Structures are given as structure tokens and as C-alpha cells.
Amino acid sequence: MNSASSVRSASTPCLCSPSPENGLRILQIREAGACGTMATPPEEANSYGDAGSEVGGSEVVQTTGGAEAAAGAGAGLVEDVCVLRPALTVSQRARDYHYQPQEKPGLRKCVQTKLRDSFACSGKCLKNAITSKVPILSWLPEYSPRQSLLGDVIAGVTVAIMHIPQGMAYALLAGVPPITGLYMAFFPLLAYAVLGTSRHCSMGTFAVVCLMTGKVVGELAGTPTSAATAASSLGEAAANSSSVDVGGTYTPVQVAAVVALMIGIVQVVLGLLQLGSLCVFLSDMLVSGFTTGAAVHVMTSQIKYLFGLQVQRYSGPLKIIYTYKDIISQILHANPAAMVISGLTIATLAFNNEVLKPWVRTKTKIPVPIELLVVIGGTAASYFGRLNDDYSIRIVGEIPTGIPAPALPPFELLPKVVVDSVVISIVAYTVSYSMSKIFAKRHNYQVDATQELYALGLSNVFGSFFGCAPIAASLSRSLIQEAVGGVTQITSFICCGLILLVLLFIGPVFETLPNCVLSSIIVVALKGMFLQVNDLRRVWKISRVDATIWISTFLGVVIIDIDYGLLLGVAVSLLVLLSRSQKPRTACLGHIPNTDLYLDVSKYHSACEIPSVSIFQFGGPIHFANTEYFRTRLEVVTGLNSTTLASAKKLLQESQAPKADGAAQPDKEVNGSVLGDKKPNKLVMLFKSAKNGRKHKHLTISMPEVKHIIIEMSSVSYIDSSAGKLLVQLYKDYSAAGVSLCLAASSECVLEMLEECEATKVIGHENIFHSTHDAVTKLRGVELSSAVAGNSTKL
């Protein structure tokens, strides 16, 4: 050992007591003056360094300052700890500390292990498997009525009251009768209460999902059924026969049901494929921009009810532009009565949300059921004022009583709704699972991503046989359910019981309810979505790249269409992710004197570049997409181009080699240092012309002072085979130019990849170091030998 350098750091309890089993030696010195660093004598450093290399230990030198140091720290004594250990390459580290890599099993062994674990069966294993797939069996036996029943009852009644107006209103978004919204609050909710892992999410109608479903309903509802199409192909005679049913078209309920069935199938398949983490590809900015853009579509779809207009329904790209064109052209034909009812309803709801609700919240957790009161008031006013007959106000219409009989959805429509169903299923799951995680974290329980897929999928499949549209978690209802004291999914059963009473006895009461009242409820509920614009303002100050995701998603949803906008947002998110991965930050590191810290010289003025050593830091993974960027940044940051260096070295050797015939040499000047350049680590080739205009050139060749390049790889999470080839090629190129290339602070997975790429056979383990400080200490051992004898690093 022949060199060392010291590091000061705050002491920790583990360093304040001897550890004989680790060969750790601590020296504590108290001084009257300021805190300082003590270097052990060379003999002692050698003896303990050798012992440490054998047992994996190190020497700790602890010095404690006096009053001045205490005053500088604010309180107590300041303790500096210096750890003396050998400078390590990865091969020395593996040898001294008994590195034992885990054996990687082959494909056959992996399959055997997976099959053995999957089919291993015991009583406990079987019980866990059943309870994990049917979570109600795990929490219901442990349910405590004394602690939870009161909160669940209050929450169930409150959420049921919210379900009635919201379900009927959001059913309009899906293009189905309002009663379907109540069906969606009953049948799928029963299935989710049994299969779901979230205790606070209120499933049922959700504005964005209903709007996306309404798009499909608008495209397919009213189209001829398969029987009618077959009849028309058989000719008029066959069409009139009793064996063929003609004239049939798909109803909105049938289309919504088949969409729900397809969404359920997609979600179950995603669960079988263990793709519960799929929602990670939908970032917060993407979801925020998407829901804000969808809110614009929701509001646009309700304008015709608010103003009493007859507006054609459009589909496809730019549909919102065509819709507003029709609205503007018909605005003079609006129904004044509908506008008055809408205005009064919106004003009442807004007054409650902005004034009454905050005041009531200070008195009780139970909110005022203002939506239900508005529905009751609108129904009564319409009934007694004969608004439909006298003022042409569109009303809900006939509402059947009882529970609908189960019926199979039209399976022949499944191929036509696959693409839309995949998009809707991902959106519904992302919203629901994100909300589930929020509540689970707040109340300290776990939600299973895969089981949530199963629960949502099977709930949609179950509901599709009763004419239900797709469901998702509602933010407003879920927040209310949590706020009023809901604890478990018993809340859902209580809610379903009240909804059942409405379906059996109370449904026809709402037949005279004006559609503009339901539209007003929807529009006021969109306030929270529109306020997500504040997310853009906040993120714009932090990262304009993330803000680009929000803007592109929002504009894509509003201008093009909902599904296209979502795909555009996903594409932009992936491009941002790839660009950040392709061009991570790089830096030239300098040494902080008397420490083992190496920091960016452009940001830390105390960091000093080390003569003869250039340290390059790469801040991300190295893969096939950024290998050229890595090479370019290495040359720019270090100022060393391997090709130019090799050419200069060749010219230098030729200039120093005497010619045999004694011919006159060209006028060349060779210099060992860089001339006329502010950075001494760069290669400069100067071509000067004589003042008299002669054509011969005076060539000045300056070789750089840097003899070593260290690539600091602590931020490199992984490399691929292309990166391994690049590092090998760089090592060869710089070696040919007379500059050694070393790697430092590589993670275990990077080292394993280097081994698999056989890069270590070329670079050599002796050129791969445990840390940057180890590499610098080793490479500059001769220069540092005057400080402390021995090839060691003091930390």
C-alpha cells in the first residue's frame, strides 16, 4: 500500500464502538481547538490495512473538536470520523469479502419451480387461495358490528341517496334510459362487494366511462340486427315468412350491455396475465389532461338539454367542432323554460357547494343530499306544472318497476366493440385502482391490483346480463362514503338494499323529471374536473416536459376524440420517457479536498479537477438507443477524442523517430503541454502560416495531460449488450491513444451484464473499481504516497 486520502463525515453510533469481529479499530481524540483529521503512521496504517483486507475490516479514526466546533455546529461536540480501508477493485472486493453470486436457474428449472409452487396444495394454501379470490371471506368473519356497523349504515344510506340522481343523470351520457343508471348501482355493486379489495370505493356510474360508452352506443344503436340483415339478404319473400324476424335493430341497452361484457372479458384476461400494474403507463399528468378533456365533451353533450335544443349526434374526429357549430346555429331556437329550469338548478347546486356545504361540514359529517332534493323538486314542479305538455320540456319518461330479467347480450357485436372496450377498460381500471390505493394508504390496508381487475371484470360481466353499462369508481361518492364513516363493503350491501326499494316501488315517481335537471347535476359535478387545469399551472413551473403530456392529451381528447386523445397522450408519455432515458444528464466530476466526495465542477466551485485524471458521470442507463450519445458526451465532457488522440500520438512518434538518410525534417514543434488553450486536458493542433505567405506549415502538436478516464457509473441502473460492446470499443480506442479507461461504482446488475457480455475479459477486473475514490487513489498512488504510505483510501 502506498497512498491514502481522508474523508470527514458525521459520526454514527455504529462507528463509536469497537467491532472485534469485523476488525474495526476506532481512535477518538479530543482537542481544545477546531476539529481536525488525524492520519495514522504509515506502519500502523500498513498493519491494520493488511488485517482489514484479510477479515473485511477497516480502521476508523474519530476526532472530536472543542468549543469552537461545538459553537459552529450549534450544540454539542462535532465528531469527525475517518475510515481507513484498502482501495478496492471489484475483483479485490469479491475476493476479500467472499462474493458468492447466485446461480441463475435455467428455463427448465424455472418452469418446474413455477409449476411446483402453483400446484402445491395444503389446507392453509387452499384457504389463502380461496380468500384471495373472494376477499369477503377474509374480512366478513372478522367484522365487528359494534365498531363498524353504524358508520357503514350511515354511509350506505348517504351513498344510495347520491346514486339515485347521479345514476339517472350519467345514464344520459351513456345514451341509455335513466333507469339503467339505477341498475348499474345495484347489480355490479353486489358483485364488487364480494370480490373487491377496496373498502371505500363506491362503484357504479362514472362520467368519463359513461361518456366513452355513449360514443359506442351512438355508433351502433339503431343498426339492423343480424336477423334483420340475414332476412334482407334472403329477399322479400323470405323476409315475410314467419321463420325470420325482420325489422329489428339493436337498442342502446343492448349495445351498452355488450360493451360492458367485452370490458369485463378484457379486464379478466388482464388479471390472468398479471397485468395489474398496467396503469403505471398512465401518468398523473396524462390522467389529469384526459379527464379534463373528457369533461369538455361531457359538458358539450349536455348543452342540448340545458337549452332545450335538438342537436344531431356526431361521432369520430372533430365531432366537438361540428356539435358546437350546430349549437350556435340553433341557439336562437332554444327553449326559454328549459333555460330557466337549468339556471335555477345550477344556481341551487352551486350555492350548496360553495356556501352551504362548507358550513354544514363544520356541524356534521353527513352532507345535505342536495342532488336528491333537486330531483324531487324538479319532478314535483314538472308534474304539477305540466311542463312537458305546456312548455315542451323533455322528461325522463316511462320507468319500469321491478328487477329486469337476465338476458344475453348480442354476442355478434363483440368484434365491433373490441377496440373501444380495451380503451374503456384501461381507463376504468386506472381510475378505480388509483382511487383504491389512495384510500388504502390513508387507512392502512392493502389492495391487490390483480384482484381489482378480477373484481371489476366480473362485476361488468355480471351486470351485462341485466342491461348494465360499464362501471367504475366515482370520486365524489367514494369521498362521501369515507367522510361519513364507511368502513367496509357492508356499505355497498346497504346501498344496494335501498336501491332495490327504489327499483321495486319508487321508480315511476321520477317519470316526470325534466332531463335538464339531470344535465344541470352533471354540469355542476364537472367543476372538480375543470379545476384540474391548476395541475397544468403547477407542473409548468416544475417540468415543461410533463406539462407537454397534459397539453397534448387534453387537446387530443377535445379536438380529435376521446380514444384518439388517450392514445396520443400515451404516445407522448412514452416519447418523454424514451427521451429522458436516451439523453440523461452528464457531468465532469471534481474532487472536494480532504473528502471522498466527487461533485459536478460546473455546480460546486469547491470541486477541483484532478491532474491526469478526468472523471465522467453518466446519469442513466446505457442501451442501444443512447450509445452514440454516450460516446459523444464522453468526448465533449472530457475533451478527449480517441481518434484525434491516436492520430496525434502517431504524428508525435514519427516526429521523434530519426530518418536513416539524414534528410531534413519538416519544421515541427512538439510540446508536452497544451498551448493557447484554457483547458489543459484538451488536444490542440495548431496550423500556422508564415508571415511571408510561404505554403509550408509549422505544426504544433500538444498531447493532453490527462492519462486516465474514469467513468462514474453509480447512476447507471442497467446496460445492454450494445453498451457492453461500446465500453469495450472505447477501452480499445483510448488504450491505443495512450489513455487508460476505468469504470467505477458499478452496480451488481451492471457488473453481471459486463460479465455476460465478456466485456471484463477486455477491460479487465483491475480497471473496474468499487468507487470513484478507490479508482482515483489507485491511479494516483504514486502521487499520493507522500501523504500516507500504503495503497489505501481513508474514508
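This is a predicted model: local features need pLDDT of at least 70, side-chain atom pairs count only at pLDDT 80 or more; totals for chains, interfaces and linings use all residues.
Residues are numbered from 1 along each chain as its sequence is written, and side-chain values use heavy atoms, with hydrogens and water left out.

**Entry on strand E13**

I looked up E13, residues 740-744, and found that 4 of its 5 residues are buried (under 20% relative accessible area, with exposed over 50% and partly exposed in between, for a 1.4 Å probe and protein chains only). Strand E12, residues 708-712, runs parallel to E13 and is joined to it by 5 bridges, with Ile-710 standing opposite Cys-742 in E13. I then followed the chain through helix H30, residues 721-736, which together with E12 and E13 makes a right-handed β-α-β unit; right-handed is said when, with the strands pointing away from the viewer, the path from the first strand over the helix to the second runs clockwise. E13 also runs parallel to strand E14, residues 768-769, through 2 bridges, and here I found Ala-744 opposite Phe-769 in E14.

**Entry on Gly-167**

I placed Gly-167 in helix H7, residues 145-173, and its relative accessible area of 0% is why it counts as buried. Leaving aside neighbours within four places in sequence, I found Gly-167 in contact (heavy atoms within 4.5 Å) with Pro-178, Gly-181 and Thr-205. I also looked up Ala-207, which is 40 residues from Gly-167 in sequence and 9.8 Å from it in space, C-alpha to C-alpha.

**Entry on aromatic rings**

I found 13 aromatic pairs in the structure, where rings of Phe, Tyr and Trp (its six-membered ring) pair if their centres lie within 6.5 Å, and planes under 30 degrees apart count as stacked, over 60 as edge-to-face and the rest as tilted. Tyr-314 and Tyr-322 form a tilted pair, 5.7 Å centre to centre with 35° between the planes; Tyr-314 is partly exposed at 24% relative accessibility, and Tyr-322 is partly exposed at 40%. Elsewhere I noted a cluster in which ring pairs link Tyr-183, Phe-186, Phe-187, Phe-462 and Phe-466. Finally, I checked Arg-199, whose charged end sits over the ring of Tyr-445, 4.4 Å from its centre (NZ of Lys or CZ of Arg within 6 Å of the ring centre and within 35 degrees of the ring normal).

Conventions
Two strands pair if DSSP finds at least two bridges between them.
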